[in-house]
Every structure is written in structure tokens, then in C-alpha cells.
Amino acid sequence: MLQDTGKPKVYIIIPNKNGLNHLVYSIPSVMNTSYPNYYCVFVDNCSSDGSLDFIQKSYTNIYIIENRMGKGFASSVNMGIKYALAQGADYVAIYNSDIKVLPQWIDLGIDIFYKLNKVGVVGYTEIQKEREELFYNAKDIKDQVEYNMVKGLPGCLYICSSKVFMHVGLFDEAYFMYGEDNDFFHRLRSAGYVLVQTNIPVWHYSEGSSDNRKFYITWLAYRNALRYSLKNEDTIRIFQMLSALLNQGCNPFLSRKTDNPVFKRMRRYNIAVNFILIIASCCWNLFYLPKIISQRVYTKKLIQKATANNHE
């Protein structure tokens with residue numbers, strides 16, 4: 001890593017949970033980044049597969065944080081963000097441990113912040129593991145970068161302006177994993193920030209740290225989708241979300257979308273299992289409803305304050 005103080009300081013947060021099989025290609029990819037002023041922060045969430053030893057022995061220039069409490073992806077990301085902000089980061093990138101990036105991914109992403117106003121997050125185009133050739137064929141994308149303002153972004157990689165965390169807070173750790181990024185994006189949009197997706201590709205294995213926990217991951221996907229709606233949306237949207245979950249999980253006539261990782265995650269099992277998971281998700285959210293309502297009120301006040309600050 002060559003540091004050039006003339007460029008904004010970018011901290012790359014890499015959360016990990018037993019992802020050694022993916023770190024062997026993902027870390028070399030990020031270390032090949034061409035941007036001259038970046039720092040990597042590896043946050044390990046109680047791994048038992050040798051991930052920590054691999055980073056300690058092979059990459060001495062990567063700062064390591066151990067999430068000994070094992071509170072999940074959102075908690076690990078927050079620990080990394082707090083460290084980055086304390087070091088004076090201008091931008092923070094959230095980097096999944098099972099992806100590959102082009103060398104110029106930061107340079108091209110940072111350019112978007114300068115081209116557009118009120119950009120809070122810049123995201124990338126996710127390439128599924130089965131289509132790896134699309135990723136490698138895009139190496140000369142520099143003069144062909146396109147972007148659009150969107151409501152959501154692929155969660156495997158995105159860059160945030162550091163100031164947004166001061167305005168809308170960090171990730172909601174109650175999600176544990178899956179859904180915390182959508183919640184964060186919602187707060188950004190509500191506070192007046194713009195989300196931008198580029199056509200810059202990122203290859204994503206998908207669920208690389210969750211290969212042995214498929215059932216649990218599907219449960220979290222249902223549970224957190226409903227939690228997001230209860231926390232952020234009105235009554236009509238809450239019922240629409242529940243209806244959408246039942247449709248995705250239990251509609252026998254629904255065609256499979258093999259190129260959609262979210263759909264694949266929620267349609268992993270048969271109708272009966274999916275229905276049980278959805279009912280269990282409803283029960284979980286009902287049990288924690290008082291806390292969710294409390295967070296809903298707190299979030300609304302936080303967003304109102306952030307919006308007022310942005311208009312000053």
C-alpha cells in the first residue's frame with residue numbers, strides 16, 4: 001500500500017467469519033488496488049478456520065480487529081467503521097471477503113463523489129460467480145463508466161463518505177447479518193443523500209462465509225426483511241412485505257430467478273419449510289416489536305436531525 005496524502009484517505013473494512021477459502025483470492029485482489037491512499041482493516045468474527053493466522057502471517061500491513069463477542073456481520077462492520085473514523089478516514093468501503101475487484105475500483109468510485117452532489121454511497125455492479133468472464137472482460141472500463149441514482153445497492157461492496165455516519169449513525173446490529181445495508185441505505189435516502197450505482201463490476205461468490213449455515217441464512221433473510229419493514233415503513237408496506245415473502249417462499253407457480261442472489265436465498269427450500277420460516281420470522285418480530293418500535297422512533301428523530309443539518 002503506497003500512501004499519497006494528496007488523495008482522500010480510504011479505509012477498506014473487510015468483515016470475516018470462517019472465510020479462509022475465499023480470503024486466498026479476495027485479499028490479493030484488494031491488495032492489487034491502484035488507488036494510492038488506502039488502508040485495509042480486517043475484522044474477524046470468531047473464526048475457527050485459520051483466517052486470522054492467514055492474515056497475520058501473510059499481510060502484515062493489514063490492521064486486524066477481533067470481534068470476540070461474535071455479534072455478527074453488522075457488529076464487525078461497525079467496529080471497522082469506528083476505527084476508520086478515528087483514523088481520519090475520508091471514505092469508508094465495505095468489502096465482503098468473497099469478492100474480486102478491478103485495480104481501479106476505488107479511483108473510479110471516488111470520481112462519482114466529485115461529479116454529483118449529495119452522494120452518500122457509491123456502489124458497484126455485482127457479477128455472479130457463474131459469470132466470472134464478465135468481470136475479467138471489463139478491465140478497460142475506465143472510459144465507459146456509467147452510473148444511476150438508485151434506492152438500493154448490492155451489499156457486497158460499496159464506498160461511503162465518512163460524513164454520512166455522523167448524520168445517520170452506523171449499522172443496526174440487531175440485524176446480525178443480511179438487511180443491515182438496506183436499513184442503512186433507507187436512512188441515507190431519508191436524510192437527503194443520494195445512492196449511486198455504477199457499472200463497475202465486482203465478482204461475488206455470494207454467501208462465502210455462510211456455506212455451512214444455509215438454513216440459518218435463509219431464516220435471517222426472512223426475519224430481517226420483515227424487521228426492516230416494521231422499523232422503516234408504514235402499515236400498508238408492512239403487509240405488502242409479508243405478502244411478498246409468502247409469494248417468494250410459498251408460491252408454487254413462481255419462476256426461479258437463478259441470477260438473483262436474494263431470490264435464491266429465500267427460495268432455497270420447499271414450500272413447507274419456507275412457510276415455517278416465515279411464521280417463525282413473524283413470531284420473532286412480534287416478540288421484539290417493542291424494541292423495534294423504539295428504534296423506529298429513534299431513527300426518525302435521527303433522520304430529522306440529519307435532514308435539518310443537510311439543509312443548513
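Modeller: Relative accessible area sorts residues into buried (under 20%), exposed (over 50%) and partly exposed in between, using a 1.4 Å probe and protein chains only. The model is predicted: local features need pLDDT of at least 70 and side-chain atom pairs pLDDT 80 or more, while totals for chains, interfaces and linings use all residues. Residues are numbered from 1 along each chain as its sequence is written, and side-chain values use heavy atoms, with hydrogens and water left out.

A pair of aromatic rings is described by the distance of the centres and the angle of the planes. Rings of Phe, Tyr and Trp (its six-membered ring) pair if their centres lie within 6.5 Å; planes under 30 degrees apart are stacked, over 60 edge-to-face, and the rest tilted. The structure holds 16 such pairs. In one of them, tyrosine 11 and tyrosine 39 have ring centres 4.8 Å apart and planes at 10 degrees, so this pair is stacked. It links distant parts of the chain, 28 residues apart: tyrosine 11 lies in strand E1 (residues 10-16) and tyrosine 39 in strand E2 (residues 38-44). Strands (E, at least two residues) and helices (H or I, at least four) are DSSP runs, numbered from the N terminus. Tyrosine 11 is buried at 5% relative accessible area, whereas tyrosine 39 is partly exposed at 25%.

Tryptophan 284 and tyrosine 288 form a tilted pair, with 4.6 Å from centre to centre and 40 degrees between the planes. Tryptophan 284 counts as buried at 18% relative accessibility, and tyrosine 288 as partly exposed at 29%. There is also an aromatic cluster, formed by Tyr158, Phe165, Phe171, Phe184 and Phe185.

Now the helix packing. Axes are lines fitted to C-alpha atoms, for helices over the stretch in contact, and angles run from 0 to 180 degrees between N-to-C directions. Helix H8 (residues 214-232) packs on helix H11 (residues 271-287) at about 45 degrees, with the axes 9 Å apart. This makes H8 oblique to H11; angles under 35 degrees count as roughly parallel, over 145 as roughly antiparallel, 65 to 115 as roughly perpendicular and the rest as oblique. H8 contributes Phe215, Thr218, Trp219, Tyr222, Arg223, Leu226, Arg227 and Leu230 to the contact, and among the residues of H11 in it are Val273, Leu277, Ile278, Ser281 and Trp284. Contact means heavy atoms within 4.5 Å. The residues of this contact divide into eleven nonpolar, four polar and two charged. Here Ala, Val, Leu, Ile, Met, Phe, Trp, Tyr, Cys and Pro are nonpolar, Asp, Glu, Lys and Arg charged, and the others, Gly among them, polar.

H8 also packs with helix H7 (residues 180-190), at about 25 degrees and with the axes 10 Å apart. H7 and H8 are therefore roughly parallel to each other, and their crossing is right-handed. Asn182, Asp183, His186 and Arg189 of H7 meet Tyr228, Lys231 and Asn232 of H8. By class, the contact of H7 with H8 has one nonpolar, three polar and three charged residues.

Technical notes: Left-handed = near helix turned anticlockwise from the far one by under 90°.
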